[in-house]
Amino acid sequence: MSTLKRFAAQAAALLAFTALSLVAHATTTALSNPGQWYEFDVADGLSQSQGTEWIDLDGAPLSFTFTIAAPVQLRVVDAGYAGDTFNISLNGASYTTSAVAPGVYPNAPGLTDFDAAWADASFSRGTWLLSAPGTYTLTGSLAQSVTDANGPLNATLGAVMLAPVPEPTTWALLIAGLAVLGFAARRRT
């Protein structure tokens with residue numbers, strides 16, 4: 001091999017090593033407590049890639065992993081400012097949270113209580129029933145951002161949760177209870 005080719009190969013190897021060492025670290029959070037919200041942030045100014053992907057507080061890309069044996073509901077909610085929406089990738093399949101009217105900062109209401117945001121229709125949300133047992137990986141990015149006088153704010157927070165799915169016996173008891181209440185109300189009249 002000529003000296004020039006050897007030098008080019010060494011330079012290419014050094015460049016590849018440098019590029020790999022500069023790749024941002026990523027954070028993976030395990031969703032281990034059903035019914036608990038797990039927070040993520042979006043901030044293009046803090047993100048290591050300067051993008052709108054979900055990040056942790058250090059600016060590293062954030063993904064969530066979980067393994068299920070029984071059906072669960074996956075919930076994703078916007079908080080921060082009303083009017084944001086998210087693109088979601090779950091094991092490579094794409095989803096989006098509900099469409100909401102774009103917000104305008106500072107008039108867009110802001111929340112840090114994820115249960116309150118879930119109950120407020122001005123905040124985007126999504127829920128998906130997952131019934132296939134297995135391991136899942138969830139990532140996301142901002143699809144629509146609240147705007148201000150300078151354009152998209154590209155900064156918000158949100159959360160994900162695994163919610164238990166009621167068992168068929170629970171539904172049967174609920175329906176039976178409602179039937180009894182209906183019967184008792186009818187007898188009264």
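Biologist: Over how many bridges do strand 4 and strand 9 pair?

Modeller: This is a predicted model, in which local features need pLDDT of at least 70, side-chain atom pairs count only at pLDDT 80 or more, and totals for chains, interfaces and linings use all residues. Residues are numbered from 1 along each chain as its sequence is written, and side-chain values use heavy atoms, with hydrogens and water left out. Strands (E, at least two residues) and helices (H or I, at least four) are DSSP runs numbered from the N terminus, and two strands pair if DSSP finds at least two bridges between them. Strand 4 (residues 72-78) and strand 9 run in the antiparallel sense, and their number of bridges is 6.

Biologist: Which residue of strand 9 is the bridge partner of Val77?

Modeller: Strands of a sheet pair through backbone hydrogen bonds, either parallel or antiparallel. For strand 4 and strand 9 the sense is antiparallel. Within strand 9, the bridge partner of Val77 is Arg125.

Biologist: Which residues make up the uncovered face of strand 9?

Modeller: In a regular strand the side chains alternate between the two faces of the sheet. Strand 9 (residues 125-130) has Gly126, Trp128 and Leu130 on its covered face. The uncovered face holds Arg125, Thr127 and Leu129.

Biologist: How far is Arg125 from the ring centre of Trp118?

Modeller: A charge sits over a ring if NZ of Lys or CZ of Arg is within 6 Å of the ring centre and within 35 degrees of the ring normal. Arg125 lies over the face of Trp118, and its distance from the ring centre is 5.8 Å.

Biologist: What is the order of strands in the open sheet of 5 strands?

Modeller: The chain has 3 helices and 13 strands. The pairing is mixed, and the order is 1-3-10-6-7.

Biologist: Which residue in strand 7 is the bridge partner of Asn87?

Modeller: Strand 6 (residues 85-90) and strand 7 run antiparallel and are joined by 4 bridges. In strand 7, the partner of Asn87 is Thr96.

Biologist: How many residues apart in sequence are the parts that the pair of Trp37 and Phe114 ties together?

Modeller: Rings of Phe, Tyr and Trp (its six-membered ring) pair if their centres lie within 6.5 Å; planes under 30 degrees apart count as stacked, over 60 as edge-to-face and the rest as tilted. The structure holds 9 aromatic pairs, and the one between Trp37 and Phe114 is tilted, at 6.2 Å centre to centre and 50° between the planes. Trp37 lies in the loop between strand 1 (27-30) and strand 2 (38-43) and Phe114 in helix 2 (residues 114-119), so the separation of the parts, in residues, is 77.

Biologist: What is the relative accessible area of Tyr81?

Modeller: Buried means under 20% relative accessible area, exposed over 50% and partly exposed in between, with a 1.4 Å probe and protein chains only. Trp37 and Phe114 are both buried. Tyr81 forms an edge-to-face pair with Tyr105, at 5.2 Å centre to centre and 75° between the planes. Tyr81 counts as partly exposed, with a relative accessible area of 24%.

Biologist: Near what value is omega for the peptide bond from Tyr105 to Pro106?

Modeller: Most residues other than glycine have a negative phi, and most peptide bonds are trans. Pro106 lies in the loop between strand 7 and strand 8. The bond from Tyr105 to Pro106 is cis, with omega near 10°.

Biologist: Is Gln50 buried or exposed?

Modeller: Gln50 lies in the loop between strand 2 and strand 3 (62-68). Its phi is near 65°, a positive value in a residue other than glycine. With a relative accessibility of 52%, Gln50 counts as exposed.

Biologist: How far apart in space are Thr67 and Thr135, C-alpha to C-alpha?

Modeller: Thr67 is found in strand 3 and is exposed, with a relative accessible area of 59%. Contact means heavy atoms within 4.5 Å; leaving aside neighbours within four places in sequence, Thr67 is in contact with Gly134 and Thr135. Thr67 and Thr135 are 68 residues apart in sequence, and their C-alpha to C-alpha distance is 4.1 Å.
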